[in-house]
Amino acid sequence: MQLRRKISKIAAIMLSAAMIGAFGTAGYYSGKLPDKVRSENGRTLKIAEYPEISCCGYPVSDGSSASDHVTLSIFGAIPVKYVEVCEEETPVYAASGMPFGIKLLMKGVMVTGTADVEAENGEKVCPAEDAGIEKGDIICLADGVEVLSNEKLQSIISGSGGNKISLRIDRGGREFTTELQPVYSGRSGSWRGGMWVRDSIAGIGTMTFINKKTGSFAGLGHPICDADTGELVPVSSGEAVPVEVSGTKRGEKGIPGELLGTFRRGEKLGDLSVNKESGVYGRLSPEALDDLEIKEYPLGYRQDIKRGDAEIYTTIKGSKPKSYSIEIEDVDYNSDDSAKNMVIRITDPELLEATGGIVQGMSGSPVIQDGKLIGAVTHVFVADPTRGYAIFAENMASELER
């Protein structure tokens with residue numbers, strides 16, 4: 001009798017331990033798996049990195065949206081997460097890897113700094129600071145007049161005659177009005193506002209993919225931010241222009257490298273209209289679209305991505321992209337609006353020899369795995385230029401198709 005009780009107790013302990021282990025495992029997977037996914041119409045949901053995870057039952061609609069819900073389970077036995085699934089026809093895009101020049105005119109002018117003005121009596125004052133203006137603010141209107149250039153704002157201030165100027169400011173998406181009291185500078189002989197502003201920005205990046213039916217394209221995989229303020233640059237208008245890459249400045253530990261290139265004068269690829277957290281977006285001209293000779297790939301969704309071998313298309317000489325091998329080291333299925341959804345490592349000997357890894361200007365280089373367009377290079381690890389981040393292509397595609 002005592003032996004039977006002992007065996008029953010041991011069995012109960014083992015069962016409890018197994019249940020605790022099962023729930024612990026379920027908790028682990030629940031934290032790793034996404035809350036919401038996009039998927040191809042009629043396709044059974046699978047998570048490439050976790051083949052042991054499968055759908056348990058059929059999609060269930062809540063009737064309030066176009067999406068369904070499924071339960072993901074371990075080997076079809078232990079439920080781990082209830083996931084929202086939005087089914088769609090999988091889009092197909094032309095993977096680029098082509099370098100392009102970026103010319104952006106801001107929607108307003110951005111304050112990059114403030115400075116004292118020496119008044120006629122020798123007193124030093126800063127009208128901008130007195131008006132509550134801060135570095136990174138966007139000045140949209142001055143006395144009701146749209147401000148689209150440094151020269152326009154300077155003209156309004158210098159012609160104020162010392163009268164207060166009403167300024168409409170955008171600070172991080174919040175708009176407000178303030179009054180600027182210009183100060184007459186005896187040194188320059190004009191009315192001054194005590195601030196530095198910028199109305200445009202230019203640089204080199206990599207085009208990620210193109211919708212050949214519409215000519216719309218996505219690039220960079222991260223926003224264009226002002227170098228002085230770190231703020232996202234609001235776009236009034238912009239151009240994408242051809243670039244000839246002449247070489248690279250090799251990246252080293254602690255020192256990021258960069259692509260070296262020049263804009264082709266008098267030529268234009270298309271227009272830029274959007275600058276978002278997930279990249280820059282625009283439309284190619286009909287002529288540029290006709291000249292495309294690049295391969296199309298179906299969009300790979302986040303759940304299609306797994307750790308292991310992949311490739312990127314990028315350009316380190318001239319204007320024609322080449323394929324280079326990489327390894328995907330980590331995938332964060334739960335990250336959403338970030339440009340840091342994957343960790344990648346350059347493994348291609350030719351690319352490592354030429355660049356040392358990921359360099360500035362390679363942002364936007366498309367990532368291909370298992371015949372699908374899955375992402376784009378976005379950032380380099382300064383401490384290890386062979387490694388960096390990449391964004392999910394589906395994040396960029398969502399913005400492109402809006």
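1. In this predicted model, the side chains of Lys164 and Glu179 form a salt bridge with an N to O distance of 3.9 Å. The pair connects distant parts of the chain, 15 residues apart: Lys164 sits in the loop between α3 (150-158) and β11 (165-171), and Glu179 in strand β12 (residues 174-180). Lys164 is exposed at 51% relative accessible area, whereas Glu179 is partly exposed at 47%.

2. A salt bridge also joins the side chains of Lys322 and Glu350 (3.0 Å, N to O). Because Lys322 belongs to strand β23 (residues 322-331) and Glu350 to helix α5 (residues 349-355), this pair ties together parts 28 residues apart in sequence. Lys322 is partly exposed, with 40% relative accessibility, and Glu350 is partly exposed, with 42%.

3. Arg38 and Glu88 meet through their side chains in a salt bridge of 2.7 Å, N to O. Arg38 is in strand β1 (residues 36-40) and Glu88 in strand β4 (residues 78-88), so the contact ties together parts 50 residues apart in sequence. Arg38 counts as buried at 17% relative accessibility; Glu88 is partly exposed at 21%.

4. The structure holds 17 salt bridges. A network of them links Glu327, Glu329, Arg345 and Arg387.

5. Helix α6 (residues 393-400) is largely enclosed by the rest of the structure, because seven of its eight residues are buried. Among them are Glu394, Asn395 and Glu399, together with Met396 and Leu400.

6. Regarding the chain overall, six helices and 27 strands are present. Of its 402 residues, 46% are buried. Among contacts with a separation of 6 or more, 67% are between residues 24 or more positions apart.

Methods: Residues are numbered from 1 along each chain as its sequence is written. This is a predicted model: local features need pLDDT of at least 70, side-chain atom pairs count only at pLDDT 80 or more; totals for chains, interfaces and linings use all residues. Side-chain values use heavy atoms; hydrogens and water are left out. Buried means under 20% relative accessible area, exposed over 50%, partly exposed in between (1.4 Å probe, protein chains only). Helices (H or I, at least four residues) and strands (E, at least two) are DSSP runs, numbered from the N terminus. Contact means heavy atoms within 4.5 Å. A salt bridge is a side-chain nitrogen of Lys or Arg within 4 Å of a carboxyl oxygen of Asp or Glu.
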